[in-house]
Amino acid sequence: MNIAVVGLSHKTAPVDVREKLSIPTPQMETAIAQLCSCPHIEEATILSTCNRLEVYVVTSEIEQGVREVSQFLADYGKISLPQLRPYLFILLHQDAVMHLMRVAAGLDSLVLGEGQILAQVKHTHKVGQQYEGIKRILNHLFKQAITAGKRVRTETSIGTGAVSISSAAVELAQIKAQNLAASRIALLGAGKMARLVVQHLLAKGATQICIVNRSLESARELAQQFPSVELQLHPLSEMMQVVCTSDLVFTATAATDPLLDRAKLETVLEPHRPLQLFDISVPRNVHADVNELPNVQVFNVDDLKAVVAQNQESRRKMAMEAESILEEEVEAFELWWRSLETVSTISSLRDKVEAIREQELEKALSRLGSEFAEKHQEVIEALTRGIVNKILHDPMVQLRAQQDIETRRRAMQTLRLLFNLEAASNEQFS
């Protein structure tokens, strides 16, 4: 049996190709059944996210198994195999094992160290078991990968620190305000960036959020995405009233000219009242002259980029630490895999030697006479078992210890040939 992964990701394929090969959960049962019906595939499961589609299989023949998976993907995506092939990556055995470990740990993600992927790997494991695509080998592999992902997140800080402009703005606001739950927050804009700001604010405990937007319809659509909290919605005409009663203001609109400047703010802000502005727009929504106002602080995209860069560098260092953790988990899986591959040969050898021991012991005891045999049978039995165990010990240890797959297989073939184990196995089942 061999492990392989065939797939594509944000690293190998553009979004228009990935879209065609997205497999939603309701279609997983049919897809897994189709893969497992292939002649050379013994186990199969599918990891499908917005950034990747990966098929993990256990195959009896690598070349044929990979071809069957590739053809399945081409048929599913309605793309000819020659067209699809340049976008596919293929990893075999140890490389496939390490790849899944890295995926589960967030080291292969678009955003290094992101946490959502571990839940998606768990879901893939659960679905694969539910639809009987995952059996003994993939079950052990996915359990080991989930353990690896958990270890990386608990033993390193790779998942901490904002790595997008939106999350950096909220992280910086939390540092400045200290208590977002007690802060009155205004958000100018209702587009994608605004949605991410709301998402990060809620995750940090913010509760008092006003949305100001030119289109109230767009503001309502944004609010509907967060049903657990009541967002206050205001038209653009009420912008200055909302700003002057806020502690923190985030600006994320597509306006080409500044919405806020010194002149506008001077007329509405109370003297000595502190205000912090986080401008994540390009072009800027807040004019540079606002910095001239006392008690007003403005942070723009360049300020936030420095936060993001610092956090990304920190995550890269954490990723290097994580790799050593993953090496340990891969080695743990390899040990299990090697022991699994040698079980059949070791079991056959032990069965044959044990059968010889029992036959010879029975002959010896019959020659010694019943009285002697009854009195000393336990001692003689223990003696013969001890001899057999000591003779078998070194071959078994050496067989399990072979690191190279081909060397180990040759050793097993030699052992089976020298001890005529195939014949013994056939006799046992005949």
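1. Helix α10 (residues 216-224) lies across β6 (208-213) and β7, and runs at about 165 degrees to β7. Helices (H or I, at least four residues) and strands (E, at least two) are DSSP runs, numbered from the N terminus. Axes are lines fitted to C-alpha atoms, for helices over the stretch in contact, and angles run from 0 to 180 degrees between N-to-C directions; contact means heavy atoms within 4.5 Å.

2. On the basis of this note: the model is predicted, local features need pLDDT of at least 70, side-chain atom pairs count only at pLDDT 80 or more, and totals for chains, interfaces and linings use all residues. Residues are numbered from 1 along each chain as its sequence is written, and side-chain values use heavy atoms, with hydrogens and water left out.

3. Strands β6 and β7 belong to an open sheet of six strands in the order β7-β6-β5-β8-β9-β10, with parallel pairing. Two strands pair if DSSP finds at least two bridges between them. The edges are β7 (232-235) and β10 (296-299), each of which pairs on one side only. From one strand to the next, the twist averages 20 degrees.

4. Within this sheet, β5 (residues 184-188) and β8 (residues 248-251) are joined by four bridges in the parallel sense. L187 stands opposite F250 in β8.

5. F250 also takes part in an aromatic pair. The whole structure holds six aromatic pairs, where rings of Phe, Tyr and Trp (its six-membered ring) pair if their centres lie within 6.5 Å, and planes under 30 degrees apart count as stacked, over 60 as edge-to-face and the rest as tilted. F250 and F278 are stacked, at 5.1 Å centre to centre with 20 degrees between the planes. This pair links distant parts of the chain, since F250 is in strand β8 and F278 in strand β9 (residues 275-279), 28 residues apart.

6. Two backbone features deserve a check against the model. Most residues other than glycine have a negative phi, and most peptide bonds are trans. V282 and P283 are joined by a cis peptide bond with omega of about 0 degrees, and P283 lies in the loop between β9 and β10. H93 has a phi near 40 degrees, a positive value in a residue other than glycine; H93 lies in helix α5 (residues 93-104).

7. A second open sheet has four strands in the order β2-β3-β1-β4, paired antiparallel. Its edge strands are β2 and β4 (89-92), each pairing on one side only. Neighbouring strands are turned by 15 degrees against each other on average, direction ignored.

8. Strands β2 and β3 run antiparallel and are joined by eight bridges; the bridge partner of E43 in β3 is V58. Helix α7 (residues 136-155) packs on the sheet and touches β1 (2-9), β2 and β3, its direction making about 35 degrees with that of β2. Helix α2 (residues 28-36) lies across β2 and β3 and runs at about 145 degrees to β2.

9. On a 1 Å grid over the protein atoms alone, a pocket is an open set of points with protein on both sides within 12 Å along at least five of seven lines, whereas a cavity is a set where a 1.4 Å probe fits but cannot get out; lining residues have an atom within 4 Å of a point. Grid points are joined across faces, edges and corners, and a volume is the space filled by probe spheres set on the points.

10. The largest pocket is lined by 32 residues, of which V111, E114, V163, S164 and H200 are the closest to its centre. Two or more lining residues come from each of α6 (116-130), α8 (165-177) and α9 (192-203), and α9 gives the most, with six. The lining divides into nine nonpolar, 16 polar and seven charged residues, where Ala, Val, Leu, Ile, Met, Phe, Trp, Tyr, Cys and Pro count as nonpolar, Asp, Glu, Lys and Arg as charged, and the others, Gly among them, as polar.

11. One cavity of 30 Å³ or more is found in the whole structure, and the largest cavity holds about 30 Å³ of space. Residues lining the largest cavity include L8, R18, C50 and R52. Strands β2 (41-49) and β3 (52-59) each supply at least two residues of that lining, which has four nonpolar, four polar and two charged residues.
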